[in-house]
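I opened my notebook to look at ring pairs and sheets in a new model. Here is what I looked up, in the order I went.

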Amino acid sequence: KIVAAGYAHNGSNNDLALARYNPDGSLDTTFSGDGLLTTDFSSGNDYARAVAVQADGKIVAAGDAFNGSNTDFALARYNPDGSLDTSFSSDGLLTTAVGTGYDEVHAVAVQANGKIIVVGNAETGSNRDFALVRYNPNGSRDTTFGNFGLLTTAVGYSDDFAYTVAVQADGKIVAAGYAWNPGSYDFALARYNPNGSLDTTFSG
């Protein structure tokens, strides 16, 4: 079965939106009754920009939600039938402020131990940096990672954007995107140890 995540307009703003399809492309009516669902995080625009399916069939949608003045990382976890998983952050939903302004999620990965890593960018003063947050399976932040579960990394000279993430077999984490160097953007990669520290065996 195929899960798609994004956003849908509700008449006044955007909500997280998911659809699940059968292998033949028809909507899977065992998911939320008709194969479709929307989730409202806030009174403003909410977006799902990435999705991952856990080994137990639960679905993690990641993106960002409006908090009244800017955006925060936002996650929702659903049971296989499309209902919100209340074992995750008590109601299935959570938001995390990472930087001082707009935070955006672009990728999510579930580790073999069930921990969830989300990657994107965060405003840190006048620039945007790579931003990562790792959560325990219950939605609490993993305090063994970074600074109370989150970290930001300045890669280039100005704005940096992480758009994808991969977890290696040894637990190291690779975030990839692009970074501003004077005159243009370049490919940018950062590799982290399992505790969130930069892996100095990678490119020095």
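My entries below go through the aromatic pairs and then the strands.

**Entry 1: the starting point.** I am working with a predicted model, so I keep that in mind throughout.

**Entry 2: aromatic pairs.** I searched the whole structure and got six aromatic pairs. I picked out Phe161 and Tyr185, whose rings sit 6.4 Å apart centre to centre with 65° between their planes, an edge-to-face arrangement. I then checked where the two partners belong: Phe161 is in strand β12 (residues 160–167) and Tyr185 is in strand β14 (residues 184–192). They are 24 residues apart, and the pair links distant parts of the chain.

**Entry 3: buried or exposed?** I looked up the accessibility of both partners. Phe161 counts as buried because its relative accessibility is 12%, under the 20% cut-off. Tyr185, at 40%, counts as partly exposed.

**Entry 4: a further partner.** I found that Tyr185 also pairs with Tyr178. Their ring centres are 4.9 Å apart and the planes stand at 85°, so I logged this pair as edge-to-face too. Tyr178 has a relative accessible area of 28%, so it is partly exposed. Which residues do the ring pairs link into a cluster? I noted Phe161, Tyr163, Tyr178, Trp180 and Tyr185.

Entry 5: I turned to the strands next. β12, β13 and β14 form an open sheet in that order, with antiparallel pairing. β12 and β14 are at the edges; each has a single partner strand, so one side of each has no neighbour in the sheet. From one strand to the next, I read an average twist of 20°. Strand β13 (residues 173–181) runs antiparallel to β14, and nine bridges join them.

**Entry 6: the four-stranded sheet.** I also looked up an open sheet of four strands, ordered β4-β5-β6-β7 and paired antiparallel. Its edge strands are β4 (46–53) and β7 (93–96), and each pairs on one side only. Ignoring direction, neighbouring strands here are turned by 25° against each other on average. Four bridges hold the antiparallel pairing of β6 (residues 71–78) with β7. In β7, Leu93 has Ala76 standing opposite.

Conventions:
Residues numbered from 1 in each chain as written. Predicted model: local features only at pLDDT ≥ 70, side-chain atom pairs only at ≥ 80, totals over all residues. Heavy atoms only, no water. Phe/Tyr/Trp six-rings, centres within 6.5 Å; stacked < 30°, edge-to-face > 60°. Helix = DSSP H or I, 4+ residues; strand = E, 2+ residues; numbered from the N terminus. Buried < 20%, exposed > 50% of the residue type's maximum accessible area, 1.4 Å probe, protein only. Pairing = 2+ DSSP bridges. Axes fitted to C-alpha atoms, helices over the stretch in contact; angles between N-to-C directions.
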